[in-house]
Amino acid sequence: MRLEREATVQYQYASSTIPGLLQTRAYATEVLQHARPREAAALQEDVDARMSRQSILEGEDAPYFRALLDEAVFRRAASQPAVWLEQLEALLEWQKRPNVTLQLLPFSAGLHDLMGGSLTVLWLANGKAVAYLEGSKSGELVEDSGRVEELRLSHDLQRDKALSPEQTTEFIEQLVKEIRTCHPAEPT
């Protein structure tokens, strides 16, 4: 998290969930409560920590953030339609920011070497780049410049197969429309 705060540019690939920096409180709570059993206070502390990280993407010196989201991210909805709808609408708001770009990698892009986990590549102000590989139960910080470059190239090759940011926005808007049609809001 320290390196994340120092980054001037951040690329992410997510294979199955919305990246933590873009999660709503309700979505983060659902994701984190399934990660491991814990008391409510500990869960709330973890959610608060995740939410506080979002300040990284705000302000004048916010880094450029690009998230490449596998289609599986959008096909594995939150358990409650209202939570999922709120999360999708939050993504649409993030997409409007000048320093945030979201792109969907469709299933039609085929098999690739980033499947099964997530990747974060951080460019630091000192010119150094590092990467972080994360699976469901482990993570690895990669500082070797040659390996970081290989991971960046893997990200770039998949980004070339992704929908444009505009197409991604249209895809999310369509999901929002479907949820609203299937689960209309309760009258107040």
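Helix α2 gives the largest share of the lining of the largest pocket, 6 residues. Helices (H or I, at least four residues) and strands (E, at least two) are DSSP runs, numbered from the N terminus. The structure is a predicted model, in which local features need pLDDT of at least 70 and side-chain atom pairs count only at pLDDT 80 or more, while totals for chains, interfaces and linings use all residues. Residues are numbered from 1 along each chain as its sequence is written, and side-chain values use heavy atoms, without hydrogens and water.

The largest pocket holds about 1,400 Å³ of space. A pocket is an open set of points on a 1 Å grid over the protein atoms alone, where a 1.4 Å probe fits, with protein on both sides within 12 Å along at least five of seven lines; lining residues have an atom within 4 Å of a point. The volume is the space filled by probe spheres set on the points. Of the 45 lining residues, Thr17, Arg50, Ser118, Glu134 and Gly135 are the closest to the centre of the pocket. Elements that give two or more residues to this lining include α3 (40–53), β4 (118–124) and β5 (129–134).

Glu71 lies in helix α4 (residues 71–75). This residue counts as buried because its relative accessibility is 11%, and buried means under 20% relative accessible area (1.4 Å probe, protein chains only). Leaving aside neighbours within four places in sequence, Glu71 is in contact (heavy atoms within 4.5 Å) with Leu104, Leu105, Pro106 and Phe107.

The mean pLDDT (the predictor's confidence in each residue, from 0 to 100) of the chain is 92.

Conventions:
Buried < 20%, exposed > 50% of the residue type's maximum accessible area, 1.4 Å probe, protein only.
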